[in-house]
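Please examine the sequence and the model shown here before reading on.

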Amino acid sequence: MVKFDKLEESILAMLLPLMVIIVFLGTLGRYSGLYSMAWYEEAARYIMIWMVFIGIGAGAKKNAHFVVELIYMITPEKLHKYIRVIVLLIVLFFNATVGILSIRLVKGLFNMQQISPSLGLPMWAIYSAIPIGCCLMAVRSLQYYFATLKQSANGDVA
């Protein structure tokens, strides 16, 4: 069983090779003229969308997202813990807002029963990547914040 701690990496480790194989085979078929895979571009696009939104959780877990370091450089170190709280609140607010709006979008797509042109996949399933990614980013941001807080209390982090 995959541990929750490695969930994003496990999913990404499956999706990336799958996308590469699909694109390779589709391109090979197109340029060799041996066969046609009309659906490969659409499949690669949807896999990439899912990879991006799963990846934001993986990035948040390691605090690898864009941060304006200048704020930390120009403020006294004793203010950094407050700045971290403000950054966390902004991240959580952003994820909550986008998550709620995207859930409304997914519900609308579910009610419309819209399907993708080539693959025939329900569009709500594809757009579900957005609220799932936002939820993962919020959870991972909280995990990182509390891990940093714990390390600070132990004197491991400045």
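## Overall form and salt bridges

The chain has a radius of gyration of 20 Å, whereas a compact globule of 158 residues would have one near 15 Å (taken over C-alpha atoms; the globule rule is 2.2 Å times the number of residues to the power 0.38). This is a predicted model, in which local features need pLDDT of at least 70, side-chain atom pairs count only at pLDDT 80 or more, and totals for chains, interfaces and linings use all residues. Residues are numbered from 1 along each chain as its sequence is written, and side-chain values use heavy atoms, with hydrogens and water left out.

The C-alpha trace spans about 65 × 35 × 35 Å along its principal axes. The chain holds six helices and zero strands (DSSP runs of H or I with at least four residues, and of E with at least two, numbered from the N terminus).

Five salt bridges are found in the whole structure (a side-chain nitrogen of Lys or Arg within 4 Å of a carboxyl oxygen of Asp or Glu). Three of them are tabulated below.

| Pair | N to O distance |
|---|---|
| E8 and R140 | 2.8 Å |
| K61 and E9 | 2.7 Å |
| E9 and K62 | 3.6 Å |

E8 lies in helix 1 (residues 7-32) and R140 in helix 6 (residues 129-154), so their pair ties together parts 132 residues apart in sequence. Both E8 and R140 are buried (under 20% relative accessible area; exposed is over 50%, partly exposed in between, with a 1.4 Å probe and protein chains only). K61, at 15% relative accessibility, counts as buried, while E9, at 24%, counts as partly exposed. K62 is exposed, with a relative accessible area of 56%. A network of salt bridges links E8, E9, K61, K62 and R140.
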